[in-house]
Amino acid sequence: MTPERGTRSGATVGTAFVAGLALTGMLLTGCTSEPDPTPPPPSPDTGVPASGLRLVAFDSCASALAGLRAAARAYVGPYGLPGGSMEPAFQATDGGAERAAGADAGTARDNAAAPGAGSGHSGTNTHEAGVDEPDLVKTDGRRIVTVDQGTLRVIDPASRRLTGTLKLDSGPDVGWAETNLLLHGDRALVLAREHGVVHPGLSRRARPGVPPADDQQQAIVGPRLILVDLAGAPKIVGDYRMDGGLVDARQVGPTVRVVVRSWPRLDFPLNKAAGPADEKKNLAANRNIVDQAPIDAWLPRYQTSTGGQTSTGRVGCDRLSRPAVYSGTSLVTLLSFDLGAASLGDGDPVTVAADGETVYSNGSRLYLASDQRWRVLPSLTSGDRAPDPKDEQTDIYQFDISGPDRPRYVTAATVPGWLVNQYALSEWDGHLRVATTSGRTWGQNPKSSSAVYVLRADGRTLTETGRVTGLGKGERIYSVRFAEGTGYVVTFRQTDPLYTVDLRDPRKPTVTGELKITGYSSYLHPIGDGRLIGVGQEANRQGRTEGSQVSLFDVSDLTKPTRIAQHHVRYGHSEAEFDPHAFLYWPATKTLVVPLTTYQVAGIDGKGRLGGGALVLRVTDGGFTEAGLVEHAEARTTESSGMIRRSLMVDGVLWTISDGAIKATDLGTLGTLGVIRI
């Protein structure tokens, strides 16, 4: 049997940490301004129950401090707060198959932005059409913009020349940070994960205790947002930093919503003694540290710069809200930026005391999902124990983002189980569909199954109208795709059941078909005419993976889904398996492009060699025709791997991007038209 993959690396996200966010009582419909007694602390043994999900504004900094202290005190242990290094990655860039499910096929059918084979340009493969997601390359057809290792580059696709280069920082922080970007008009917003994110619950200074009096002057350790003007030579016009870790971002028009997760800036003594007496002493000392912590230890700080002027601030207590029960170990902040404005401003932050992992938006609404997997999973897997149902549930917060102003909290709900990633959520026809897995998926005798829940979203509440359970017993979800009134769910342990689910009647969701094949699809992509592409791994009958596979499914009859073609690359892996942004389907020519890395035994020494490029397949009704492999051999040096990570189309030309080059290729012949070394 294959080993269980990790839950999340930190990033669609996968593998991707987000929590429900809220506004204050005067600004949020549904938040109250009632006096806020100190909430009962949650039990670390039973987890955070998902009852009483309504978000409430703290009525004062004093009540906020009392509540946060009490909640965090219940979670602090002899070695500090739980969680370890909690900096998340983007939902679509976390490692592992569980981040790599399909997008909502009801809107994001493909990357295409124009119907003609010789005109138009592709966009980032996103969950929902019209809702952009950060990625390492963007194009608007006029220009291609990339960011890598702290350098932003602008390419003119018409002349196939590099027209602009901008070093984002002379220091090491951005140069080696993970960076992605968003694009609007002549503005690019670069989102960089700074190095040095502090592990929550670990000491950062010589003396343990609370933040010093000059905490505001201490360096902010967390994400950096950089606003770049692309009109002419690219230049930085705005800079924003905040405590914490970058979770994810979404863009609708010029408006960008950025989610940041932060932790209390508390220092605990690092004592490795493991004796019961030492642990008891450490626990008492750590609880005392929490009891003496000021409110500033929790409130995230930010710094914004523009025009040579820098200002600093903190999220105010009036911007902080909470669910009925919370851990006090993390806060999540939602920032809003207008890329059409002259500067980034302060982000108009709003914050909630919650944990979380997942962001989904359909453009008018933003959903934030939170579960406790990060807290409970390590001890469960190490002891081969099943999760407690109280720990195995997901809280979902809904926000109205239909306008450019600050988001308005609407309502919340809870569903059993854990999400695979953002693609397990999809709203259609006034209903939110949620796919989850519950039960123990690890060990020799897994006890798990998956389900799809349907919740009515009427603008006031999220109320369950129906559910279908019992999918993939002993397995877990690897990918989900919702296409209007149909759902596709892939579970896997030894074989790959592809389930088709009829969701047209929200009161009676029904499994209509099931296809069992070896291997699994970790990304699903409908291409119309009853066809569905799956990207994942082939596997033998024992569940051992055997290399990348691309499958073509016929789902025209939902009661009898079939696989009509398979392209298997032995010892191959594709970034598209765990990051949908790496997937390109160009419908004008029915061309599929995915990055491919292969491992081959070659040479008289018998040693393995890494190879690969961008696999180009033509898709027909009956199967695949391999057009060839685009490679960046000229970019392979001691400093660059030449491994292709992204591909896009501009006016009939296929562009591929690696860490060493940007290459233009004739889509018909796959002949090289130009290479820009970077």
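A polar contact of 3.2 Å joins the side chains of D554 and R531. Here a polar contact is a pair of N or O atoms within 3.5 Å; within protein, one must be able to donate a hydrogen and the other to accept it, and residues adjacent in sequence count only if both atoms are side-chain atoms. The model is predicted: local features need pLDDT of at least 70, side-chain atom pairs count only at pLDDT 80 or more, and totals for chains, interfaces and linings use all residues. Residues are numbered from 1 along each chain as its sequence is written, and side-chain values use heavy atoms, with hydrogens and water left out.

Stay with D554. It sits in strand 31 (residues 545-554). Helices (H or I, at least four residues) and strands (E, at least two) are DSSP runs, numbered from the N terminus. The D554 side chain also makes a polar contact of 2.6 Å with the side chain of S556. Neighbours within four places in sequence aside, D554 is in contact (heavy atoms within 4.5 Å) with G530, R531, K560, P561, T562 and I564. Is D554 buried or exposed? At 17% relative accessibility, D554 counts as buried. Buried means under 20% relative accessible area, exposed over 50%, and partly exposed in between (1.4 Å probe, protein chains only).

Now the cysteines. A disulfide is a covalent bond between the sulfur atoms of two cysteines. The cut-off used is a pair of cysteine sulfur atoms within 2.5 Å. The whole structure holds one disulfide. It joins C61 to C317, with an S to S distance of 1.9 Å. Which parts does this pair tie together? C61 lies in helix 1 (residues 61-75), and C317 in the loop between strand 13 (309-314) and strand 14 (320-322), so the link ties together parts that are 256 residues apart in sequence. The torsion about the S-S bond of C61 and C317 is about 110°, so the disulfide is right-handed. C61 is partly exposed, with a relative accessible area of 37%. C317 is buried, at 8%.

Four strands form an open sheet in the order 21-22-23-24, with antiparallel pairing. Two strands pair if DSSP finds at least two bridges between them. Strand 21 (425-428) and strand 24 (462-471) are the edge strands, and each pairs on one side only. From one strand to the next, the twist averages 25°. Axes are lines fitted to C-alpha atoms, for helices over the stretch in contact, and angles run from 0 to 180 degrees between N-to-C directions. Strand 23 (residues 447-457) pairs with strand 24 in the antiparallel sense over seven bridges. A457 has L462, in strand 24, as its bridge partner.
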